[in-house]
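Please read the following notes with the model open beside them.

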Protein chains: 2
Amino acid sequence: MTDEPVVTVTIKDVARLAGVSPASVSRALADPGQVRPGTRERVHRAAAALGYHPNQAAHALTTGRTRMIGLVVPDITNPIFSTIFQAVQGRAREGGYSVLLVDTGEDPATEVDLVRTLARQVDGFLLCSPRAAQEYLDPFLRATAVVTINHRGRRVPCVTSDNADGARQVAEHLLALGHRRLAYVAGPAASSDNRERLRGLRAAVAAAGAELTDFTAVSPTYDGGTAAADLVLATSATAVIAFNDVIALGLLNRFTARGIGVPQQISLVGFDDIPFAAMTNPPLTSVAIAKQQIGRTAVDFLLDLLDGRQRPGGSRLMLPTHLIVRGSTGPSVLTR
Amino acid sequence: MTDEPVVTVTIKDVARLAGVSPASVSRALADPGQVRPGTRERVHRAAAALGYHPNQAAHALTTGRTRMIGLVVPDITNPIFSTIFQAVQGRAREGGYSVLLVDTGEDPATEVDLVRTLARQVDGFLLCSPRAAQEYLDPFLRATAVVTINHRGRRVPCVTSDNADGARQVAEHLLALGHRRLAYVAGPAASSDNRERLRGLRAAVAAAGAELTDFTAVSPTYDGGTAAADLVLATSATAVIAFNDVIALGLLNRFTARGIGVPQQISLVGFDDIPFAAMTNPPLTSVAIAKQQIGRTAVDFLLDLLDGRQRPGGSRLMLPTHLIVRGSTGPSVLTR
DNA sequence: CCGATGTTTGGAACCGATTTCAGTTGCGTT
DNA sequence: AACGCAACTGAAATCGGTTCCAAACATCGG
């Protein structure tokens, strides 16, 4: 049991106990090579004896580095983002950083506001699925390192998923099942994921000479999905692709409530492969993305940026996606 | 458009432009009543013109307050915790605080470790469903304000839910449906929520002369639930109560896979009422807790503590819970 | 054994705010 | 007009580290 101090112990206390100057303590702790082994020994012993923990504020003030990174997400209750958070926290911690999580509630204005007020408190931002237009954020990011996740900005390091290819896999899967009339329930217009998913679908569907209608969900949430369900049913589509699994779950719920069989009467596909997607009845066919790797790599990119390292391949990575076929997709019926 | 500075603008720059001393700038900004209206005017104008934002690190160093609160949760992918996070962030922001989220991965050792390293960076902690024993955390919390959520510690402000009463509601609901043999799939032993839920069940079941078996899930996760399912089926229980909805979903999935009808052959109840509980088939009967209010109140308690305010009623609150009956519970069959 | 060289080390300045203390100013009295 | 008091302001110390600079020390070759 270390006996924790009631008053804060500073570098001076350690210096006094070790019989050296505060400057040497700082050096011994920060860069052991700079100080003689004997001194290093004594300092470390003294620090341990006193239970010394450096004052982060003071460190931040002198170095200009807070050792915190800000992770900005639209909605932490979406499992995709909470999983990314875990990966980010894990990697950040390895590098000695803490994570300031910011939930923007899907609101671009809140996003800008929070980024602005926090810009001085973090060394860098991980902007995950940003909903605000780049130009609104830019001014506040001048002095701050930024890596975007799920968004490809110009000249900003980013890690993304190959959404277009995921969408292609979905389309081909459905086309192979005989579907000719597909519907897409879109996500936020500002989301580049959304744009690429739509693009990928359009390309594959057009190539097959099939037909694609698209709708925009009110919001990329469960309720957005339930609300969109009736719009979809008003079309003659035999398969629906949702921007994400949460919307898909909303659709599924409403379809079931309306007595529409999935996949007997309509097939349903989501994106993100959140854990709950496997738990529904029927389990949801979905496009998996590499959440863990996205989070870890984004942190790596950010730390590179902060430490002035250059990546050989440049700090841009697009990770492959893959379709996971479950029970919510099946052969097309000619009419509903 | 404010023209954002490339170099950081400090209080001195503002002072120079306003023609006053740095001290007056500090006063004008922190406590406007302390300076003459004219001075205040000039300072504010200068600050705005330069786009001045105070350096948080310097502020933290002098005042000893970081204006950050740490929210420690076992698993942010559990919707119950991400929802609490949102509530906490909302309230914290109103009070001018940021939230450092810490995910302990359900591991007590990680929890202690993270609390220790972060104790100096936050003004206070919100310990949500702590898994570590109080005595391990205590040493690091001596100098830090703490409010616990979902955990009643001695002499620590806390906000909890009336789990025992929620459990009573569950038991009475099931007993009324004719169930006489119940099973409880427990959560982490360290969780006081778990203990109270079990206590509430035991009391009500005993009062009715019925029978309760309990198991411990490997972990309070979906996989923990699927793993526990077969143990439950090995008993003759006609109704199962899970520690939380996530476990319940795991049970449901495995029951369905085994061809056991819910609620025809076995009834199922969860706790927390996470959004996904309503989306399953059948939708899950669950005990709702006041997530939003828990988060908000916990922040209020913590800020009171930080500002040295005393609550009239003391900083301890237990919020009511209520059973939401959905499709996963039904009349008991005599045998399975 | 001495000077040259390279390491360690301590003193002091500094980061950007806050706050004490003392001096100045403004105002109301007489 | 002079005085006293209160309100306001600025200089300087301070928070707890980091880092520049120069002094002290050790090490080496000649």
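How many cavities of 30 Å³ or more does a search of the whole structure find?

1. The search finds 7, a cavity being a set of points, on a 1 Å grid over the protein atoms alone, where a 1.4 Å probe fits but cannot get out. This is a predicted model, in which local features need pLDDT of at least 70 and side-chain atom pairs count only at pLDDT 80 or more, while totals for chains, interfaces and linings use all residues. Residues are numbered from 1 along each chain as its sequence is written, chains are lettered from A and ligands numbered from 1 in the order in which they are written, and side-chain values use heavy atoms, with hydrogens and water left out.

2. The largest cavity has a volume of about 210 Å³, a volume being the space filled by probe spheres set on the grid points, which are joined across faces, edges and corners. Its lining (residues with an atom within 4 Å of a point) comprises 14 residues, and A:Ala57, A:Thr66, A:Met68, B:Ala57 and B:Met68 lie nearest the centre.

3. DNA strand C is surrounded by 25 residues, the closest being A:Ser24, A:Arg27, A:Thr39, B:Ile11 and B:Ser26, where near means that a heavy atom of the residue lies within 4 Å of the strand.

4. Phosphate oxygens of DNA strand C lie 2.4 Å from a side-chain N or O atom of B:Ser26 and 2.7 Å from a polar backbone atom of B:Asn55.

How values were computed
Polar contact = N/O pair within 3.5 Å; in protein donor to acceptor, adjacent residues only side chain to side chain. 1 Å grid on protein atoms, 1.4 Å probe; cavity = no way out; pocket = protein on both sides within 12 Å on 5 of 7 lines; lining within 4 Å.
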